Amino acid sequence: MKHIEAITNHYGPILAKKALELGAIRLQVQDPFTWASGYRMPIYNDNRRLLAESGARKLVSEAFAAMLESLDYDPDTIAGTATAGIPHATTLADRLAKPMSYVRSSGKDHGLGQQIEGLGLGGTYEGAKVLLIEDLISTGGSSIKAVQAITKAQGVCPYTFAIFTYGFAAAQEAFAALDPACKAFTILDYDVMVASAKETGYVNSEEARLLTLWREDPFGWGEKQGFPKVDR
C-alpha cells in the first residue's frame, strides 16, 4: 500500500498542470487580482472550472480514491460541502458506490431547516463513517464548520479531502484543534503548484520566488510589492 504522500506526489503535479490549463488556478504576479477583501493577491483559485472537462473530474475522483486506499479507510458515506464540494463528492460516491450527502454552511431558514441533505429518515448519520469532500482549504473555516455539523449529526468524520490548499498556518491550527480529531489531506498543495507552474513555463523564476513570498505573508505581500489594498 502506498503512503498518502506518494499518492499526492503523483497526482499533485498532474492536477496542477490541468488546473492551470483550465484556469482553475490563475497566477498574475505583475498585475495581481483584487480579492473580495480588497487585498491584492497573485493567485486566484476557482475549482469550478474543473467541472468543464470530464477528464479533470475523473482525475480528482481517481486521486481521492487512491488517497482513501492509502489510508486504509473505507467510509460508509461521502459528504460534500455546499456548493463547490458537491460535484466532486458525487463523482467519488458514484465511483465507490457509496451514499452521498451535502453540508450547507448553516441550516435553511425555511422548511425543515436542515443543514445537511441526503440523510435517512432518522435525520442523522447514525454513527456512520463519513468522508468530507471540500474543493479548497484556505483558512479552513468552512471545512471546520462542515466537520462539526457532521459530528453533531452523529457522523464520524476522521478525514477531510480537498482538491487544493494554500497551506496557511491558520488552517493547520484549526484542524489540529478539532475534537474529535479530523485530518485534512489535499491532492495539490501550494508548493507543488508553484513548482509545476515554473516547470511548465507558466511563471518564470522571479515570479515563482514572489509567489513563494506571498504564501509567507499573504496579507502583507501586495503592499510590499507596490499593490496597496483597495478600499471597498
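## Exercises: strands, burial and overall form

Strands S5 (residues 77–81) and S6 run parallel and are joined by four bridges; two strands pair if DSSP finds at least two bridges between them. Before you start, note that this is a predicted model, where local features need pLDDT of at least 70, side-chain atom pairs count only at pLDDT 80 or more, and totals for chains, interfaces and linings use all residues. Residues are numbered from 1 along each chain as its sequence is written, and side-chain values use heavy atoms, without hydrogens and water.

**Exercise 1.** Find which residue of S6 stands opposite Ala79, then work out which side chains of S6 are buried.

*Solution.* 
- Step 1: The residue opposite Ala79 is Ser101 in S6.
- Step 2: Follow S6 along residues 100–103, where the side chains alternate.
- Step 3: Ser101 and Val103 point to one face and are buried (under 20% relative accessible area, with a 1.4 Å probe and protein chains only).

**Exercise 2.** Explain how the radius of gyration of the chain agrees with that of a compact globule.

*Solution.* 
- Step 1: Take the radius over C-alpha atoms; the globule rule is 2.2 Å times the number of residues to the power 0.38.
- Step 2: For 232 residues the rule gives a value near 17 Å, and the chain has 18 Å, so the two agree.

**Exercise 3.** State what share of the 232 residues is buried.

*Solution.* 
- Step 1: Apply the burial cut-off from Exercise 1 to the chain.
- Step 2: Buried residues make up 46% of the 232.

Terms used:
Buried means under 20% relative accessible area, exposed over 50%, partly exposed in between (1.4 Å probe, protein chains only). Helices (H or I, at least four residues) and strands (E, at least two) are DSSP runs, numbered from the N terminus.
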